[in-house]
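Here's a quick briefing to read alongside the model. Have the sequence and the 3D view open as you go through the points.

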Amino acid sequence: MSARLRLVADRAAVAGAPPPVADPPHEEPLHEEPGPGAARCLGLYAKLTAGVTVVTARGADGPLGMTVSAVTSLSARPPLLLACLRDGSRTLAAVRGRRVFAVHLLREEQQELAGRFASPTTTAAERFAGTDTRQVLGVPVLAGALAWSVCLTEDVRRYGDHHLVVGRVAAVHVGGGRPLLWHDRRFGALTEPVPDAAG
Ligand SMILES: Cc1cc2nc3c(=O)[nH]c(=O)nc-3n(C[C@H](O)[C@H](O)[C@H](O)COP(=O)(O)O)c2cc1C
């Protein structure tokens, strides 16, 4: 016990000292709200605005990939990215097993590609069909992205129905163009800033 802590304890033990004043009841307005269900939370998440990416990895039978909007930068030193991939995803299994994956930031013209890599009815081969691909550090890298990075899988941790994947950036390419966005369950794009009205 530190000297400071001991002093306080000794004072409280003095006979005749007034009883300690109880803290006022803690007001926690959130506890008075009805508990948010998954549907309300999904409504909140839909209001997040994110760039759209495609995460790729090498599976046992060939390339795998999926559309992911839950990607963010985590650290510059060391360079780390994080992505949230749903439980049961084929791509997640490869990211975890092969320990390397690629993240492609899509351009606004690549909406069709994002839809293809998200569709539950497309096979892995159909997702990659018609898109130029090359291998970097053993993973398929798609041509034409706004930027891409190849990451070594540093950590995979389950949180609820998704897994948080942390990747250490091992290769990077930054190209040109404007990002494809996802907001309110729709694709979008940046608009030019509105010029100030004269006067
Ligand atoms: C715009 C958009 C963003 C998405 N973002 C994510 C995401 O962040 N995480 C995720 O697990 N799934 C996300 N998905 C859904 C996956 O792309 C989809 O479940 C895909 O079929 C999974 O593929 P796989 O099971 O072959 O890996 C998103 C879908 C769309 C259209």
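The shell around the ligand in this predicted model is made up of ten nonpolar, five polar and two charged residues. There are 17 residues around the ligand, and Met66, Ala70, Arg86, Thr91 and Ala118 come nearest.

**Overall layout**

- Count up the secondary structure and you get five helices and twelve strands.
- The chain runs to 199 residues, and 25% of them count as buried.
- Take the contacts between residues at least 6 apart in sequence: 66% of those join residues at least 24 apart.

**The nonpolar core**

- The largest nonpolar core holds 34 residues, and Val54, Ala83, Phe101, Val103 and Leu106 have the most contacts inside it.
- Strand 6 (residues 100-105) gives this core its largest share, with five residues.
- In soluble globular proteins, nonpolar side chains tend to be buried together.
- Alanine 83 is worth a click: leaving aside residues up to four places away in sequence, it touches Val55, Val68, Ala70, Val71, Val103 and Val165.
- One of those partners, Ala70, also turns up among the residues that come nearest the ligand.

**A cis peptide bond**

- Going from arginine 77 to proline 78, the peptide bond is cis, with omega near 0°.
- Proline 78 itself sits in the loop between strand 4 (71-75) and strand 5.

**Positive phi away from glycine**

- Leucine 137 isn't a glycine, yet its phi is positive, at about 50°.
- You'll find leucine 137 in the loop between strand 7 (133-136) and strand 8 (139-142).
- Is leucine 137 buried, exposed or partly exposed? Leucine 137 has 14 other C-beta atoms within 10 Å, so it counts as partly exposed.
- Arginine 185, also not a glycine, has a positive phi near 60°.
- Look for arginine 185 in the loop between strand 11 (180-183) and strand 12 (186-189).
- Why does arginine 185 count as exposed? Because it has 9 C-beta neighbours inside 10 Å, and a residue with 12 or fewer is classed as exposed.

Technical notes
Residues numbered from 1 in each chain as written. Predicted model: local features only at pLDDT ≥ 70, side-chain atom pairs only at ≥ 80, totals over all residues. Near = placed C-beta within 6 Å. Nonpolar A, V, L, I, M, F, W, Y, C, P; charged D, E, K, R; others polar. Helix = DSSP H or I, 4+ residues; strand = E, 2+ residues; numbered from the N terminus. Buried ≥ 20, exposed ≤ 12 C-beta atoms within 10 Å, placed from the backbone. Contact = placed C-beta atoms within 7 Å. Core = buried A, V, L, I, M, F, W, Y, C linked by C-beta atoms within 7 Å.
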